[in-house]
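Below are my notes as numbered points, starting with the charged pairs.

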Amino acid sequence: MFLEFLYSKIHRATVTDANLNYVGSITVDENVLDKANLSEGQKVDILNINNGERFQTYILAGKRGNKDFCLNGAAARKAQVGDKIIICSYAQMTPEEAKTFKPTIVQIDDNNNISAVIDFGFGGFGNKYDDVARIIGRCPEQFKSSIVENYEKYLLDDFILEGGS
């Protein structure tokens, strides 16, 4: 049996344009598409962090290095310039394949620069310390302390929920 699993995610991109009078889609900088293993014409979900909208469209390759994230056509009504979005794609695979598959997560900073690229495997979950070590090992130096701090808070919250004090 095939199930849909996360294939790739572009996390916290800033919308640079919303062009209502276009045929439809989202235009994404080709450098980002390469890092995220995404292709022109590929179906994606767009999650708007600012207003909670979730919708589907397809990708158009934008000019390499332009840092553009432009919603086109009807999708332009779902976000405003400056909104933070998440772009997700999915792949069909068996549960066995999913155990070893590692989705690509491309983190974007406030200026639409790529700040980190992480191969984030779901199959390895279970040992929280190994997972966070793998993530920290792939992040740029300036983000490591923030990740550790947030992860320690997560572990403390998880410990308290499990009945710890």
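1. **Salt bridges overall.** Searching the whole structure turns up five salt bridges, a salt bridge being a side-chain nitrogen of Lys or Arg within 4 Å of a carboxyl oxygen of Asp or Glu. Please keep in mind that this is a predicted model, where local features need pLDDT of at least 70, side-chain atom pairs count only at pLDDT 80 or more, and totals for chains, interfaces and linings use all residues. Residues are numbered from 1 along each chain as its sequence is written, and side-chain values use heavy atoms, with hydrogens and water left out.

2. **Arg64 and Glu30.** In this salt bridge the closest N and O atoms are 3.4 Å apart. Arg64 sits in the loop between E5 and strand E6 (69-72), while Glu30 belongs to helix H1 (residues 30-36), so the pair ties together parts that are 34 residues apart in sequence. Helices (H or I, at least four residues) and strands (E, at least two) are DSSP runs, numbered from the N terminus. Arg64 counts as partly exposed at 42% relative accessibility, and Glu30 is also partly exposed, at 30%. For these labels, buried means under 20% relative accessible area, exposed over 50%, and partly exposed in between (1.4 Å probe, protein chains only). The pair is also part of a salt-bridge network that links Glu30, Asp34 and Arg64.

3. **Asp110 and Lys84.** Here the side chains meet in a salt bridge of 2.9 Å, N to O. Asp110 is in the loop between strand E8 (104-108) and strand E9 (114-119), and Lys84 is in strand E7 (residues 84-93), so the pair ties together parts that are 26 residues apart in sequence. Are the two partners buried or exposed? Asp110 is exposed, at 59% relative accessibility, whereas Lys84 is buried, at 13%.

4. **Glu96 and Lys99.** This salt bridge has its closest N and O atoms 3.0 Å apart. Glu96 and Lys99 are three residues apart in helix H2 (residues 95-100), so about one helical turn separates them. Both Glu96 and Lys99 are exposed.

5. **Two positive phi angles.** Most residues other than glycine have a negative phi. Lys67, although not a glycine, has a positive phi of about 65 degrees; its place is the loop between E5 and E6, and it is partly exposed, with a relative accessible area of 33%. Asn112, likewise not a glycine, has a positive phi of about 65 degrees. Asn112 lies in the loop between E8 and E9 and is buried, at 5% relative accessibility.

6. **A nonpolar surface patch.** Tyr22, Val23 and Tyr58 make up a nonpolar patch with about 320 Å² of accessible area together. Patches are made of residues with over 30% relative accessible area and no salt bridge; like charges are joined within 9 Å, and nonpolar side chains (Val, Leu, Ile, Met, Phe, Trp, Tyr) within 5 Å. Tyr58 is in strand E5 (residues 54-62) and is partly exposed, at 31% relative accessibility.

7. **Overall architecture.** The protein has four helices and nine strands, in the order β-β-β-α-β-β-β-β-α-β-β-α-α from the N terminus. Buried residues account for 39% of the 165 residues. Among contacts (heavy atoms within 4.5 Å) between residues at least 6 apart in sequence, 72% join residues at least 24 apart. The accessible surface comes to about 9,500 Å², with 50% of it belonging to carbon and sulfur atoms; areas come from the Shrake-Rupley method with a 1.4 Å probe, and for residues only the protein chains shown count as cover.

8. **Confidence.** The mean pLDDT (the predictor's confidence in each residue, from 0 to 100) is 84, and 74% of residues reach 70 or more.
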